[in-house]
Amino acid sequence: MSANQDGANLLEVRGLTKTFGTLTACDHIDLNVAKGEIHALLGENGAGKSTLVKMLFGTLEPNSGEIFWNGQAVTITNPGFAKKLGIGMVFQHFSLFEALTAAENIALSLDDGSPISTIAAKARALSYSYGLPLDPQSLVGDLSVGERQRIEIIRCLLQTPQLIILDEPTSVLTPQEADKLFETLERLRSEGKSILYISHRLEEVKRICDRATVLRHGKVVGHCNPRKETASSLARMMVGNDVPTVVRAPAEGIETAQPLLEIRALSRKPATPFSIPLRNINLTVRAGEVIGIAGVAGNGQGEFFESVSGEVPQQDAASVRIRGKDAGGLSITGRRLMGAAFVPEERLGHGAAPRMKLSENLLLSRHATDGKVFVGAGGMVKSDAIYAAAQRIIKAMDVRKSAPDPEAAALSGGNLQKFIVGRELDRRPSVMVVNQPTWGVDAGAAAHIRQTLIELARCGSAVLVISQDLDELFEISDAIAVMHNGELSKPLPIAEATFEKIGLLMGGAEPGHAEHALETS
Amino acid sequence: MDITVNILLTIATAATPLLIAAIGELVVERSGVLNLGVEGMMIMGAVGGFSAGYLTGSPWIGLLAAIAMGAVFSLLFAIMTLSLATNQVATGLSLTLLGLGLSGMMGTSFVGQPGARLPNLDIPGLTAIPVIGRLLFGQDPIFYISIALTAGVMWFLFKTRTGLTLRSIGDSHTSAHALGIQVIRYRYLSVIFGGACAGLAGGHLSLVYTPQWVENMTAGRGWIALALVVFASWRPWRVLAGAYIFGAVWIGQLHAQAFGIPVPSQLLSSLPYLATIVVLVLISRNKRLTMMNTPASLGQPFVPDR
């Protein structure tokens with residue numbers, strides 16, 4: 001196929017294919033990005049978006065297909081060449097160096113030999129002109145995720161690219177920070193730059209993108225003008241069928257229900273120089289309710305989960321109370337025996353042992369609580385009972401797998417998450433604490449997990465969900481609290497909560513919350 | 001006065017090989033590679049340096065041979081761990097074992113032979129100045145190299161763009177790769193530099209310290225150099241301090257033993273290790289600074305997906 005002759009297309013991709021072993025991550029992808037447009041690349045996790053842009057940026061080599069840049073066929077062999085062409089990239093998983101300063105990080109991606117101080121001055125000037133204030137001398141390890149993204153963006157802009165690729169840029173931002181980003185993108189578009197915007201968030205794609213290319217299972221399934229589509233028509237294109245809606249019956253009589261999980265003046269010193277301390281956290285979760293905890297990643301949610309689950313026990317036994325009894329000094333097993341269940345954020349390594357079978361993983365987390373069922377006389381493991389229980393969970397949660405009892409690492413992220421959540425739900429725990437319940441899970445499975453969490457609560461359990469996904473929290477929570485800089489706000493009843501209010505809290509705008517360290521524009 | 005000068009000179013001689021080997025390993029580890037084969041590369045440098053010096057009669061050729069031997073030997077480690085992505089710990093340990101065995105075999109015919117010694121610096125007028133003359137202008141050439149090397153590495157790592165790139169690779173090789181930095185190439189060069197330094201340190205032993213060949217003559221100095229790098233939290237000037245503290249306490253306890261002070265000799269022999277660890281731990285109290293200087297990707301094999 002010949003290249004576009006009128007020159008209006010900055011980038012053309014024809015039949016780009018990439019396979020990893022037997023998996024075809026990208027299957028004959030076609031894509032056009034015109035000059036001065038914001039082009040969305042839509043798709044679920046695992047649809048091949050990241051693989052595609054890695055090929056455009058030269059970090060992955062395509063198996064076949066062609067790329068045209070300004071009408072010329074090019075082979076992008078490494079990121080250095082991509083940068084020379086004028087392609088800039090803002091990574092999803094930040095490609096920053098924590099132990100270096102912002103200026104040093106920026107210098108590393110610029111190939112000119114100018115001294116760090118010159119680069120720092122340039123970066124500062126540019127960052128203020130775009131309203132993304134940045135202190136070039138600060139150490140990246142000390143910065144919030146939003147601030148780190150500013151460095152990525154400024155670093156990209158300093159290379160004066162023609163095409164800027166942004167990979168899931170808003171997944172780590174507060175709604176207000178996202179608004180600021182959209183302003184920046186619109187300004188860049190007005191300057192004639194093209195933007196390839198990768199996301200699975202439909203509302204923001206509808207809001208800022210001129211055209212969209214939709215990927216599913218590595219294939220292009222459609223091109224459209226997102227402004228003329230509805231969120232549900234876009235979702236259908238992305239997922240391939242209708243996404244079940246989550247139903248949340250209003251919780252009644254919560255105020256008088258029994259508190260099952262109480263957190264009282266929980267504090268914790270930072271474990272490492274770059275981690276967040278917990279500051280006097282108080283929270284009550286009652287029988288029958290779902291409480292959501294929102295917050296930008298890295299504000300202490302991980303530390304909070306560790307303290308509540310018992311991965312790190314507390315000095316003060318009364319700081320965590322489960323079903324009215326002190327549990328602060330107990331380990332995870334001790335807390336499980338009191339009726340609590342936990343689903344950590346990392347599936348492989350925390351939620352499941354990667355190289356062990358699903359049935360073995362089931363035994364690992366429930367050998368104490370279900371000792372009578374799973375362990376027989378003399379400590380012998382009852383393999384049949386465990387296998388049967390594992391199959392029951394697999395069936396209940398619709399876990400898709402290739403073997404009857406595969407290793408945990410052999411499952412896709414979404415399916416493993418369904419198994420881990422199902423493993424805990426199967427016990428009918430009276431307290432359930434989940435960190436990022438649907439991260440990286442496809443839309444259908446995510447809806448299923450959310451629905452089961454609501455149902456568990458309505459059956460009389462206390463459910464606490466920590467999530468970065470605000471849509472999710474609004475869908476399932478009866479009240480939302482916000483974690484910022486190691487402090488937790490008061491839970492806001494869902495009827496009073498709005499994106500704006502929660503977003504302000506996420507940015508730290510509440511009396512008693514520490515002011516943001518960085519100067520604002 | 002003369003005794004003091006002599007003691008100071010022996011301290012410098014004892015510290016020099018540790019300093020050189022440790023500075024080389026520091027660069028290697030800053031790039032994110034853990035090479036436990038320092039002892040092996042050092043002994044290969046020692047046998048290479050001695051044999052070349054003995055056969056040609058020129059200690060200078062011996063010096064070059066020691067450096068080349070260490071570099072070539074480290075290339076073996078680089079190919080294994082960087083191109084073939086083998087486990088760095090296991091490969092480093094085998095490198096040490098291989099070096100000790102191979103050097104013993106190569107050196108059989110040199111045992112008991114008198115070797116060539118590198119002459120000390122002698123600048124007319126300057127070396128003759130009392131006290132400082134011999135300390136500043138009368139030492140062996142490798143001493144001056146070791147000081148220049150430390151200053152050079154400090155300048156390179158913290159003042160040059162290439163040094164910044166090297167540190168960034170040690171912090172996160174995946175991020176560096178994403179930026180288009182040639183991770184493997186940098187690591188190859190670092191490992192070879194580390195090998196050359198270890199070889200030079202070995203050459204110091206067989207061409208200056210005791211100009212003869214004795215099997216296992218490195219006597220664990222490679223391991224001490226490795227420990228110095230970690231306890232110095234990957235900072236060059238601390239490596240220098242550590243090497244000299246070790247050297248000073250080492251020489252001090254030897255004199256103490258010679259005077260026959262009533263302390264068990266085993267305790268005295270362990271003093272250099274204790275003193276070095278205590279001092280370096282004390283100066284690395286600042287957890288934050290230590291964290292910043294620790295190469296986060298140390299020891300992890302890097303295999304880019306293609």
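Is A:I322 buried or exposed? A:I322 is buried, because 25 other C-beta atoms lie within 10 Å. The cut-offs are these: a residue is buried if 20 or more other C-beta atoms lie within 10 Å of its own, exposed if 12 or fewer, and partly exposed in between, with C-beta atoms placed from the backbone.

A word on the source. This is a predicted model, in which local features need pLDDT of at least 70 and side-chain atom pairs count only at pLDDT 80 or more, while totals for chains, interfaces and linings use all residues. Residues are numbered from 1 along each chain as its sequence is written, and chains are lettered from A and ligands numbered from 1 in the order in which they are written.

I return to A:I322, which sits in strand β14 (residues 320-322) of chain A; strands (E, at least two residues) and helices (H or I, at least four) are DSSP runs, numbered from the N terminus. Leaving out residues up to four places away in sequence, A:I322 touches several residues, including A:L260, A:L261, A:M338 and A:V431. Contact here is defined as C-beta atoms, placed from the backbone, within 7 Å. A:V285 is 37 residues from A:I322 in sequence and 9.8 Å away in space, C-alpha to C-alpha.

Chain A as a whole is divided into domain 1 (9-239), domain 2 (251-339 + 429-521) and domain 3 (350-427), with bounds from an automatic or database domain assignment. Between the C-alpha centres of domain 1 and domain 3 of chain A there are 39 Å.

Next, the nonpolar core, meaning a set of buried Ala, Val, Leu, Ile, Met, Phe, Trp, Tyr and Cys residues joined through C-beta atoms within 7 Å. The largest one has 232 residues, and A:I165 and B:A22 have the most contacts inside it. Helix α9 (residues 183-209) of chain B gives the most to this core, namely 14 residues. Beyond its neighbours within four places in sequence, B:A22 is in contact with B:A225, B:L228, B:V229, B:V239 and B:A243.

Helix α1 (residues 2-30) of chain B bends by about 30 degrees at B:A15, and the proline B:P17 follows within four residues. The bend is the angle between axes fitted to the seven residues ending at a residue and the seven starting there. After α1(B) comes B:G32, with a positive phi near 95 degrees.

Finally, the contact between the chains takes 20 residues from chain A and 18 residues from chain B. On the side of chain B that touches chain A, α7(B) gives the most, with five residues.

Conventions. Contact = placed C-beta atoms within 7 Å.
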